[in-house]
Each structure stands twice: as structure tokens, then as C-alpha cells.
Amino acid sequence: MFFRKTYIIFYVACCCFLITSCAKDEKDNLEDEGYEPTPLSLDIPSIFEERISPPVIPQDNPQTEEGVALGKKLFFDPILSGDNTLACAGCHKPAEGFSDARQFSPGIDGIEGSRNSMPLFNLAWNYQENFFWDGRSSSLENQALQPVIDPIEMHNTWPNAVSSLQATSDYPELFSKAFGTETIDSTLVSKAIAQFIRTLISSNSRFDQFLRGEIELTESERNGLQVFEDENRGDCFHCHGDPNNPLWTDNDFHNNGLDEIFDDLGRGAVTGDPREFGLFKTPSLRNLAYTAPYMHDGRFETLDEVIDHYSEGLVYSETIDPLMKAVGEGGVQLSEKDKADLKAFLLSLSDESFINNQDFQKP
Amino acid sequence: MKKVLLLFVLTVTLFACKDVDEIINPNYNMTFNFTQNWDGEEITNPDYQTTVYTNANGEEMTISKLNYLISDITFTDKDGDVTVIEGYNIMNARDGVNTQYTPSRKISEGEYTLSFTFGFDDEDNIDDAYTELNSPPWGWGVPDELGGGYHFMRLEGMFADNTGTQTPYLYHAIRAAIVMGENPETEDTSFKVDLGAVTITQDTSIEIKMNVAEWFKNPHQWNLNELSSNLMMNAEAQRMISANGKSVFSLGTVE
């Protein structure tokens, strides 16, 4: 009888062991203090789910309700800046597609950088995880660490930012809820902010509604899409994607013929490779209605100027992308009608429900 | 009785971890290494955008991008029985992304002839069907107006045109669109590449070489001054690309 029991227990133990060893992906619980924040799955839009690869969510920073709520509070809170005046949202405004209508956004000391703020949406689908115009940051967590200590942005130090947070009445508890510890550090701050940024999903533009079969496009929008895809006219899709790629970017680096001589080496300054001088990350074409001015240095105030650039403003430089094939003639020479239609199509990618989403507003 | 049941559960659990195939069949893993050369001179990352090649037509050109897709690698034995590695491999030659392809399908010992499809044949070239190919960074889709589906190759760069001006070329291979627009008609311009005989007696690495110069050589001596871009909307150009492609690939080292 006794032996029987031990055998059974032994076998059960073996089975359990084998079953667990099969489940390779099982995360080991970091601190087993009994508390677990509430898992929150990303709300993946159907048009993304059907068409493109799944989003990137790091193993060591799963989305949780408490983490996202904390990240949102931090994103809108100037406490992270050196003088308590500037939040992330100061340069990434919801109404402006989480970018900034100013060409350059001054930091807390009033000093301006030389690049236009970037809109923030659908960043969980940046599979290469190259963030910033030049791709110098390799994850959203890593990215979030930088503005806080950037001398021309929030100009703080992490020890100072962390002690300000630690000294508040509410943050230690919020960190405890999100991460199981009241001891705040820069890694946890960056994790919370990254979780919030991953929830910023835009997928309800007129064009998305058209893809879902809910509305028809106007004739002008339809023709604009054709201009966008026609090799003899716009040929924009090779870099900015097509209806099967609802991100509307290839997240790759190109020189799209803006300058003969570069003030800003872009990707090349990061890699040191002269073949990449003057290359910048292709921006998404979503939400252009809210994200003016355009290009890495915000040189164009209107979409008309952008379209004119591709149509007749291209200039040659050694690293120009071959897709700027009509550089010899200054561009693809669109007719006035095609320009207007292209613009109408581009604007159909703007998503009002994204900028007005209550979940994304200042708490 | 309980003991037997438990033993059974234990055994099932044990085997669930293993690929059953592996236990039953003495099959071998295949690794395909895709390499690129210009008439025998290997093309590696530093050559892109810098090394000047002269094509058959005498035009001086550099290469910026060389991304291509192959599918359905097929092993045919002496009796004509085929083992197809279903699926595709898309690669970026410049950055060495996916230039080594290790499909999970294994191959039994034997003598075979080896072949694959350049691009997708019509059966596999289904618009919107492959999420990876729709996703960044590939930019691989073909617009609906051109019949949809996917690119087979994007070979891009600059050449000196007959005025000496550096001019872009975009040698893009797709399924030819004979009629464009709302109801496009297409013609399958993917093609089968025969690489010749291979003998498999162990896990094997197979090199598949692309001689980029051949794209510009025969049967059609390519004239970049006439055909540098907008080739996706040019069915005749797609037929020429397809014809030239047949001598582009060859078997390299097999070990």
C-alpha cells in the first residue's frame, strides 16, 4: 500500500515535470509575492490582425491595466522634467496626432532641437524596433529613457526624476500596483510609459472603414489611391505601403531627395556608414491631417508642399533612393488633378477617433 | 490499473515534446545558403552602392538593394517522386537577412535533382495571403490594379545613362500584368529553376548562387537606357526578366 502511493506520487511528479518542461514560453514569476497586476491584452484591430504580423511586446514587459494607467499618468506629468514644466505630452499632443505643430519643440530651457517631433501611434508594430527619425533607439523602453535626460528636452537626471516620483504621495503605490514594488527606478518608469505607448492604436480612418466594407471612398480618394500606386504617377507604395499594409510605412530608412548637402546625416550619423548619410525613417501616412509640419525637420507646412516636392522638387545626392526615379526631371510631374486626388487619398488615412479617444487624453 | 494509466500518461507526455517524424524517419536537415555574385565575383555588403559593375550592354551600374523570394524547393528522385518543401523564403542579400534558409521539412537519404520556383507561381501568388510579406520592412505587395500578389525581386540601384548622368533603375520582377485596372489580367512569369543533381547522405548545406550579371545578359541584352523603371507596368519587360532569369541561378558547394 505504502509503495503503491509513493509510486503514484512519483509518476504524478514526473508527469508534472515533463509538462512544465514542454511549456518553454512560460514566464518565470519575477517576485512571487502573491501579487499580480491585471493582464491587459492589446486591442488588435481586425484589419491589422488579418493583414500583418503580430505586434512586438517584450517578454519582460507584458501589458497590464495598472502598468498602462501608470504609463499614461507619467506621459502627461511634467514631474519627469528638470523644472517640473514639461511632460512628454508637451511635445506629443493628442490633438496633433501625438506630435507637435511647432517645427521644433523647445525643451525646458527654451532651446530647440533640429528635428520635428514624431507622431506616436501603432508603434507596437514597428517590428525592427528602430525608434526616432534615425532609428538610434532599439526599443520603446529604451526610447522612453532618453527625453528625460536630453539636455534640450526635459533636461533632468534619472536619480532626480526618480526621487521626485518617490517623494509623491501617489506614485509609490501606483508602481507597487503595476510592478509589485514601491521602489521606483528608471527601468520601471520606462516600462510603464512603453506600455501606454503600445496602446496608442489608430485604425479607424475613412480608409480603414472602407477596408472594412463600411463606407465607399469618394471618386477623388479612389483616384488618389491609384496615383499613389501607379508607377507612372506617384509610386509611393514601395516605401509607404499599400492597403495590405495598414501601417502605411516600411519603417525603413531612405533619402527621398530633399537636399543636395545634408545638415543632418540622419541614419548615417548613427551607423557611421556614408552610404546612409541623409537617410531618415519613412513616416506613416496616417493622421497627416493633424501632424503638420512634415519631414524630419518639419520643413513643409502643408501636404501640398510635400506633394510638390515629390512631383517637381527632388534633388540629387549620392545616397538618393533609386525609387526617386524621376530625380532627373525633378520628380514624377503630377497633374493638378492627380495632386488634388492624391491629397484627398492621403487625408482619408486620418483617424479622428484616434485623436479624440478618451483613453488617450490627459488624466 | 492506475499505474498503467499513469505510465500511459507519462509516455504520451514524453512523446508530445518530440517531433514524431524525427523518431520514425531517419531524415536529414537541409540548409540553403543563398549567395550572390557578378560573373563569379562575390557581392558582399560593402559592394552595395559602391562597386561599379559593367553589364552586358556596357552600362556602368551599382546595386543598392537586392531582395528576392523563392518558393517550393523540390527534391525529385530517380522514380520521379517529389518531396516539396512547401513555402517561401524571402531575403535581403545586402543585409544578409534570411540568406540562410533552414526549412523544418527534412529530406531522406537519396539521389535527387533539385529545383525551386523563382517568385510565386500563380497557385501561391495570392493577394494579401502572407502577413509577413505585407508587413514592414519588405514592401512586397503588388497593387490590385496590377493583379495583386507579391513581388518576386526588387533589384535597385543607379547606372550612368548615355549622357553620363547617375540615374536610378528599378529592376522589379512580378507576375506580368497584361491588362491593368479594375479587372486586371495577368500572366504567370515566375519560373522553375533546375539546379541539377544532389546526393543526400547526411544533414546537408546547399549553396544556391545568383549571378546578378545574368539578369542583364541573355537571351535579352538589357538596355537600361530604355528599361530602367516602371517595369511592373510593362508586361513585355516582365517576360524578358523571366526569360533572363533562367540562367541566373546555379548550384554552389554542397556539403
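In chain B, strand S8 (residues 153-160) and S9(B) run antiparallel and are joined by eight bridges; two strands count as paired if DSSP finds at least two bridges between them. This is a predicted model, in which local features need pLDDT of at least 70 and side-chain atom pairs count only at pLDDT 80 or more, while totals for chains, interfaces and linings use all residues. Residues are numbered from 1 along each chain as its sequence is written, chains are lettered from A and ligands numbered from 1 in the order in which they are written, and side-chain values use heavy atoms, with hydrogens and water left out.

Across this pairing, Phe159(B) stands opposite Thr167(B) in S9(B). Five residues lie between the two strands of the hairpin, where Gly164(B) takes a positive phi near 85 degrees. Strand S9 (residues 166-173) of chain B is mostly covered, with seven of its eight residues buried, where buried means under 20% relative accessible area, exposed over 50%, and partly exposed in between, for a 1.4 Å probe and protein chains only.

Chain B as a whole has four helices and 14 strands, which are DSSP runs numbered from the N terminus (helices: H or I, at least four residues; strands: E, at least two). Of its 255 residues, 51% count as buried. Among contacts (heavy atoms within 4.5 Å) in chain B between residues at least 6 apart in sequence, 68% join residues at least 24 apart.

A search of the whole structure finds two cavities of 30 Å³ or more. A cavity is a set of points, on a 1 Å grid over the protein atoms alone, where a 1.4 Å probe fits but cannot get out, and its lining residues have an atom within 4 Å of a point. Grid points are joined across faces, edges and corners, and a volume is the space filled by probe spheres set on the points.

| Cavity | Volume | Lining by class |
|---|---|---|
| Largest | about 80 Å³ | four nonpolar, seven polar, one charged |

The residues lining the largest cavity include Phe237(A), Asp242(A), Leu133(B) and Trp140(B). Among those lining the second largest cavity are Phe118(B), Ala173(B) and Gln238(B), and helix H4 (residues 235-245) of chain B gives the most to this lining, with three residues.

Key
1 Å grid on protein atoms, 1.4 Å probe; cavity = no way out; pocket = protein on both sides within 12 Å on 5 of 7 lines; lining within 4 Å. Nonpolar A, V, L, I, M, F, W, Y, C, P; charged D, E, K, R; others polar.
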